[in-house]
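Thank you all for coming; I would like to take a few minutes to walk through a structure that is new to this group.

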Amino acid sequence: MSVQLVKPSLDRLPAYLAALQRGFSADTVRGRVAAEEEIVRIEADAAAFVDSLDDPEARGAPIKMPDGTTKPRLPGFRRWIWDDDFCGNINFRWQPGTPALPPHVLGHVGYAVVPWKQSMGYAKAGLKLILPEARVLGLPYIEITTDPENQASQRVIEACGGWLVERFQKLDIYGGHEGLRYRIDL
């Protein structure tokens, strides 16, 4: 398996759109609703959609939370996990000048793999490949959260050097359930 992270581009957008139409969502919290919103955005202006996925100055629109409220966007970017086709998504966000994140941001990294390629090592490969990009920003560590029942995600994080920092209660906008916060030292 030859996996790479690629910057989203118009030439690769049809594969991403096909994944959305098959049920994939880059947003593991908002799921299908977020996927449908992305399809609408792609159909309205594909170039603007692709450009919005790389936003290191946080110039984009506010982020829609699961409860429908919005929060200011953090600097960030999205990369697509790619072999010979679209495999998944990994995004990275940060707060300039500090490794700390606002309370409504669950972690520096989020990832999702298309259902038909899960349990094949793509999430682990994507996470390993994003770490050098995170190091360039000068952060001493990154944090990633997952749910206690998501054993697959815990294995991915641990395989990439992550260690459990704490169990915590998610904000009500995320359901108020218990979460696990991991850290990967850079």
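This is a predicted model: local features need pLDDT of at least 70, side-chain atom pairs count only at pLDDT 80 or more; totals for chains, interfaces and linings use all residues.

Let me begin with a definition: a residue is called buried under 20% relative accessible area, exposed over 50%, and partly exposed in between, with a 1.4 Å probe and protein chains only. By that scale A58 is partly exposed, because its relative accessible area is 23%. Residues are numbered from 1 along each chain as its sequence is written, and side-chain values use heavy atoms, with hydrogens and water left out.

The phi of A58 is near 55°, which is a positive value in a residue other than glycine. S119, in the loop between β7 and α4, also has a positive phi, near 65°, and is likewise a residue other than glycine. S119 counts as exposed, because its relative accessible area is 82%.

Helix α1, residues 13-21, and helix α2, residues 31-44, pack at an angle of about 140° with their axes 10 Å apart; the axes are lines fitted to C-alpha atoms, for helices over the stretch in contact, and the angles run from 0 to 180 degrees between N-to-C directions. That angle makes α1 oblique to α2, since angles under 35 degrees count as roughly parallel, over 145 as roughly antiparallel, 65 to 115 as roughly perpendicular, and the rest as oblique. Which residues in α1 and α2 meet? On the α1 side they are L13, Y16, L17, L20 and Q21, and on the α2 side R32, A35, E38, I39 and I42, where contact means heavy atoms within 4.5 Å. Sorted by class, this contact of α1 with α2 has seven nonpolar, one polar and two charged residues, with Ala, Val, Leu, Ile, Met, Phe, Trp, Tyr, Cys and Pro counted as nonpolar, Asp, Glu, Lys and Arg as charged, and the others, Gly among them, as polar.

Within α1, the residues L13, A15, Y16, L17, A19 and L20 are buried, and the buried residues of α1 pack against α2, α3 (46-52), β5 and β6. After α1 comes G23, whose phi is positive, near 115°. Leaving aside neighbours within four places in sequence, I39 is in contact with L17, L20, Q21 and R32.

A second pair of helices deserves a look. Helix α4, residues 122-136, and helix α5, residues 151-159, pack at an angle of about 40° with their axes 9 Å apart. Here A123, K124, L127 and K128 in α4 meet V156, I157 and A159 in α5, and by class that contact has five nonpolar, no polar and two charged residues.

That brings me to the interior. A nonpolar core, as I use the term, is a set of buried Ala, Val, Leu, Ile, Met, Phe, Trp, Tyr and Cys residues joined through side-chain atoms within 4.5 Å. The largest such core has 27 residues, of which F92, V109, Y111, L127 and I142 touch the most other members. The elements that give two or more residues to this core are β5 (76-82), β6 (86-93), β7 (109-113), α4, β8 (141-146), α5 and β10 (178-185), and α4 gives the most, with seven residues. A second, separate core of 20 residues includes A35, I39, F49 and F86.

Not counting residues up to four places away in sequence, Y182 touches a list of residues including I142, I144, Q154, I157 and W163.

Conventions. Helices (H or I, at least four residues) and strands (E, at least two) are DSSP runs, numbered from the N terminus.
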